[in-house]
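Please look at the sequence and the model before reading the description.

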Amino acid sequence: MDSIIVADKLNFYYQNEGEAPQRVLKDLSIQIAPGEFVAVLGHNGSGKSTLAKHFNAILLPQGGVCYVNGIDTRQEDKLFEIRQQVGMVFQNPDNQIVATIVEEDVAFALENMGVEPSEIRRRVDEALRSVGMYEFREHAPHQLSGGQKQRVAIAGIIAMRPRCIVLDEPTAMLDPRGRQEVMRTIRRLNTEFGITVVLITHYMDEAAQCDRVVVVDDGVILLDDTPKQVFSHVEELKKVGLDVPQATELIYELNREGLSLPRDIISEEECVTVLAELLSHSR
Amino acid sequence: MSTPVIQTENLSYVYSKGTPFEKTAVENVNIQIEKGAFVGVIGHTGSGKSTLIQHFNGLLAPTSGKIWIDGEDMWANPKEIRKFRFKVGLVFQYPEYQLFEETVYKDIAFGPTNMGLSQEEIDQRVREAAGFVGLTEEQMAKSPFELSGGQKRRVAIAGVLAMRPEVLILDEPTAGLDPRGRELILGQIQEYHRRNGNTILLVSHSMEDVAKYAQKALVMNDSRVFMYDDVDKVFAHAGEIEQMGLSVPQITRIFLRLAQLGYPVSSDVYTIEQAKAQLMTLLKKGERPNA
């Protein structure tokens, strides 16, 4: 099988006591190929986090099947293998760090996996270098900024040598600098190490940097395409409580005023180029 | 000029003073915040902004320097500090983790009850605050833990609104919410400000949000106030602000770039509406000679 993740007609329900079960995923199917950099968008409650939790068997399908690297996630004896293939990073860095020294934290999973000490040393150093935190290896996590902590959490996953990382709003609690650091790190893992990235985010500018954007709404996939294609659906996105990058919105608004500018502008540079041309014609 | 609602003089705060971990978090802050202002507070993690706002309702006492609320020296009599906590309401980050009562109603009523108000007054305030943040009668009887994340956060905000603070400080009230949730909460705060004219301090990492909702911006950098001025004047310093690890709205960067390229646009554009209006005016001017 080529895809690293295959979800086939996934169904999932949350059950609150005394209430009817709530169907969160509705026959949802998706395939993610090795080396892809995919953003998943959707408003709170759309089902996107529930979907992501199927990708490393935190949740198991209640209908349909989810395969990770060809393994059916319902195979309990393969859980270890699945989690080693697909690592997950969460929103709050403080909830993910367990040790009192950075390098010990990165080594935590490896120790549990029974990796040789010399190999652990090698992998921890490598992982910390890959996220740009090697110089901080002997620091205490509480001395680090949010962005740095998130990078340590990512290093802990990288040290397991996964094929895929799933990040659930990793920058939600960070300031702009921390967000940039984390985004740069994730991109580097993807381009230099070929790690597949699934990034769940509420930031449209982050999604615009990915290769593929999947929009989840009400338990189904609404849009699944390149960022340029997805963000050209301004009205549809707004209808489901999402947004578009400001560059996209400005061009959209100008087009509503009767101009006919390209509809697939998603970056600052593209927007500047289009506006510069527009203004020089009007001179 | 009327008395500023918050005023500080050489306010400094040092954590763990006298230990090897001593760290100055706020240094020599002199600021006057006008009554009724809607202020966006920005600064990177560790810039001192959270430490500063905790002084505004007396959670922290300055290591040195002074602070006045409505012209009254806050620490003149430390026993009376409670009075200032009712005057200045602070909504923390992730306030939904602080809900604890059996029902939404009781949770919102907690603050006003502690103020020693009559039952009637409490009831009126709870309903008003709940109405502001869009909670329904049905939700009031529920346990706060049955609600969604965004709803819980609105309950927590209502709990502070119900105390009718003169100054409302919100520390990243939209962290982790989706765009619609962000707009909903900020829109409600804006409406609250418009109707009651209270002073609002909104701590945010989102420059787009500060640009959209605030009139003034307070920028903290390295424990000091870098700037306190009207939003457009602050964002005109885009270069310096970005160097501090903050960012200006994407639209501001686009207009700065156009200005650098020699196009006759102003560099203090910070919302989509302004950008659109300016471009349309320029285009119309351009059309005339050809017409």
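## Strands, helices and the contact between chains

In strand 5 of chain A, A:Ile71 is the bridge partner of A:Val68. The structure is a predicted model. Strand 4 of chain A, which covers residues 63-68, is joined to strand 5 of chain A by two bridges, and the two strands run antiparallel. Both belong to an open sheet of four strands in chain A, with the order 2-1-4-5 and antiparallel pairing. The edges of this sheet are strand 2 (22-32) and strand 5 (71-72) of chain A, each of which pairs on one side only.

Strand 2 of chain A also contains A:Asp27. This residue has a positive phi of about 45°, although it is not a glycine. Because 13 other C-beta atoms lie within 10 Å, A:Asp27 is partly exposed.

Chain B also has an open sheet of four strands in the order 2-1-4-5, again with antiparallel pairing. Strand 2 (23-33) and strand 5 (72-73) of chain B stand at its edges with a single partner strand each, so one side of each has no neighbour in the sheet. Strand 1 of chain B, residues 6-15, pairs with strand 2 of chain B in the antiparallel sense over seven bridges. Within this pairing, B:Leu11 has B:Val29 in strand 2 of chain B as its bridge partner.

Strand 9 (residues 216-221) and strand 10 (residues 224-230) of chain B pair in the antiparallel sense over six bridges. B:Met220 stands opposite B:Val225 in strand 10 of chain B. Two residues lie between the strands of this hairpin, and B:Asp222 takes a positive phi near 45°. B:Ser223 lies in the loop between strand 9 and strand 10 of chain B. The phi of B:Ser223 is also positive, near 70°, in a residue other than glycine. B:Ser223 counts as buried because it has 22 C-beta neighbours inside 10 Å, where 20 or more are required.

| Residue | Phi | Location |
|---|---|---|
| A:Asp27 | about 45° | strand 2 of chain A |
| B:Asp222 | near 45° | hairpin of strand 9 and strand 10 of chain B |
| B:Gly116 | near 75° | after helix 3 of chain B |

The view may now widen to chain B as a whole. Chain B contains twelve helices and ten strands. Its domain assignment gives domain 1 (1-99 + 166-245), domain 2 (101-153) and domain 3 (249-291). The C-alpha centres of domain 2 and domain 3 of chain B lie 46 Å apart. Along its principal axes, the C-alpha trace of chain B spans about 70 × 50 × 40 Å. A compact globule of 291 residues would have a radius of gyration near 19 Å, and the 21 Å of chain B agrees with this. Of the 291 residues of chain B, 47% count as buried. Among contacts in chain B with a separation of 6 or more, 65% come from residues 24 or more positions apart.

In soluble globular proteins, nonpolar side chains tend to be buried together. The largest nonpolar core here has 165 residues, and those that touch the most other members are A:Ala155, A:Val198, B:Val39, B:Ile108, B:Ala158 and B:Ile169. Beyond its neighbours within four places in sequence, B:Ile169 is in contact with residues including B:Ile53, B:Phe56, B:Val88, B:Leu90 and B:Leu201.

How many residues of chain B are in contact with chain A? There are 36 such residues, and they are in contact with 34 residues of chain A. Helix 6 (149-161), helix 7 (179-196), helix 11 (250-260) and helix 12 (272-290) of chain B each give two or more residues to this side. Helix 12 of chain B gives the most, with nine residues. By type, the residues on the side of chain B that touches chain A divide into 16 nonpolar, 13 polar and seven charged.

Conventions
Residues numbered from 1 in each chain as written. Chains lettered and ligands numbered in written order. Predicted model: local features only at pLDDT ≥ 70, side-chain atom pairs only at ≥ 80, totals over all residues. Pairing = 2+ DSSP bridges. Domains from an automatic or database assignment. Contact = placed C-beta atoms within 7 Å. Nonpolar A, V, L, I, M, F, W, Y, C, P; charged D, E, K, R; others polar. Rg over C-alpha atoms; globule rule 2.2 N^0.38 Å. Buried ≥ 20, exposed ≤ 12 C-beta atoms within 10 Å, placed from the backbone. Core = buried A, V, L, I, M, F, W, Y, C linked by C-beta atoms within 7 Å.
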